[in-house]
Amino acid sequence: HLGEKKLRERVPLIYELAEEYMGIDPAHECIPVRPGAHYTMGGIYADVNAATPLRGLFAAGECASNGIHGANRLGSNSLVESVVFGKVAGVQAARFAKSVQNSNAAVLEKQAQAAEGRALGLVTKTGGKEKHSVLRREMGKSMESGCGIYRTAPEMQATCDKIGELRERYKNLNVEDKSSVWNNDWLGALEVGYLLDVAQVVAYSALNRKESRGAH
């Protein structure tokens with residue numbers, strides 16, 4: 001009822017998104033409304049000093065479960081998580097770093113080399129058949145079905161099974177771009193591996209939580 005000119009003036013980004021991704025002209029058609037993932041809320045236990053049970057590791061922001069919200073997160077709590085606990089984490093991490101001696105450099109070097117080897121293995125491996133874009137799409141579809149707004153045990157179990165299948169297929173991944181700089185194909189492959197880790201944790205946690213806890 002506002003007309004195209006007014007909509008393009010006041011909400012140009014929404015107008016363009018509707019046109020580009022849905023093929024819809026908001027001046028003449030309704031924009032569909034559907035649920036979407038907003039954030040990953042908590043998971044890493046942290047105390048009021050942002051310290052985790054792992055000595056020397058501090059967590060703040062959306063990754064941290066520091067007890068400032070209950071079954072769901074209120075709108076402004078994300079600001080508290082980032083600004084307040086972000087500063088606390090920085091101060092406490094700096095204080096901790098000054099209080100301890102340097103770690104064994106050889107051990108750290110070995111860990112770094114192992115991580116580098118895993119990452120490089122994705123791009124140097126040959127003979128793989130799977131595409132990370134396909135795995136990511138199937139993962140997203142399964143997670144929306146089993147771990148979306150409405151959840152049932154059979155659907156969550158199906159998602160757990162699907163994530164397990166995708167993790168096995170990930171071992172047969174093929175990164176087509178073999179370059180060592182600005183390689184978005186490689187980056188996408190790395191991201192999917194980590195996403196599958198998180199998806200598996202979410203799916204199994206949701207399945208095993210028998211009572212309602214609000215947000216999962």
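This note goes through a surface patch, a pocket and several salt bridges of a predicted model.

1. On the surface, Leu 13, Leu 17, Tyr 21 and Met 22 make up a nonpolar patch whose accessible area comes to about 440 Å² together. Tyr 21 belongs to helix H2, residues 12-22, and with a relative accessibility of 60% this tyrosine counts as exposed.

2. Arg 8 lies in helix H1 (residues 4-10) and Glu 19 in helix H2, so the pair ties together parts that are eleven residues apart in sequence. Arg 8 is partly exposed at 33%, and Glu 19 is likewise partly exposed, at 32%.

3. The second largest pocket has a volume of about 280 Å³, and its lining comprises seven nonpolar, one polar and four charged residues. Helices H4 (105-124), H6 (153-170) and H7 (184-208) each supply at least two lining residues, with H7 giving the most, namely five.

4. Among the lining residues are Arg 167 and Asp 197, whose side chains form a salt bridge at 2.5 Å, N to O. Because Arg 167 lies in helix H6 and Asp 197 in helix H7, this pair ties together parts that are 30 residues apart in sequence. A network of salt bridges with shared partners joins Glu 130, Glu 138, Lys 162, Glu 165 and Arg 169.

5. Within helix H6, Arg 169 and Glu 165 are bridged with their closest N and O atoms 2.8 Å apart, and the two are four residues, or about one helical turn, apart. Arg 169 counts as buried at 18% relative accessibility, whereas Glu 165 is partly exposed at 34%.

Note on methods: Residues are numbered from 1 along each chain as its sequence is written. This is a predicted model: local features need pLDDT of at least 70, side-chain atom pairs count only at pLDDT 80 or more; totals for chains, interfaces and linings use all residues. Side-chain values use heavy atoms; hydrogens and water are left out. Patches are made of residues with over 30% relative accessible area and no salt bridge: like charges are joined within 9 Å, nonpolar side chains (Val, Leu, Ile, Met, Phe, Trp, Tyr) within 5 Å. Accessible areas come from the Shrake-Rupley method with a 1.4 Å probe; for residues, only the protein chains shown count as cover. A salt bridge is a side-chain nitrogen of Lys or Arg within 4 Å of a carboxyl oxygen of Asp or Glu. Buried means under 20% relative accessible area, exposed over 50%, partly exposed in between (1.4 Å probe, protein chains only). On a 1 Å grid over the protein atoms alone, a cavity is a set of points where a 1.4 Å probe fits but cannot get out, and a pocket is an open set with protein on both sides within 12 Å along at least five of seven lines; lining residues have an atom within 4 Å of a point. Grid points are joined across faces, edges and corners, and a volume is the space filled by probe spheres set on the points. Ala, Val, Leu, Ile, Met, Phe, Trp, Tyr, Cys and Pro count as nonpolar, Asp, Glu, Lys and Arg as charged, and the others, Gly among them, as polar.
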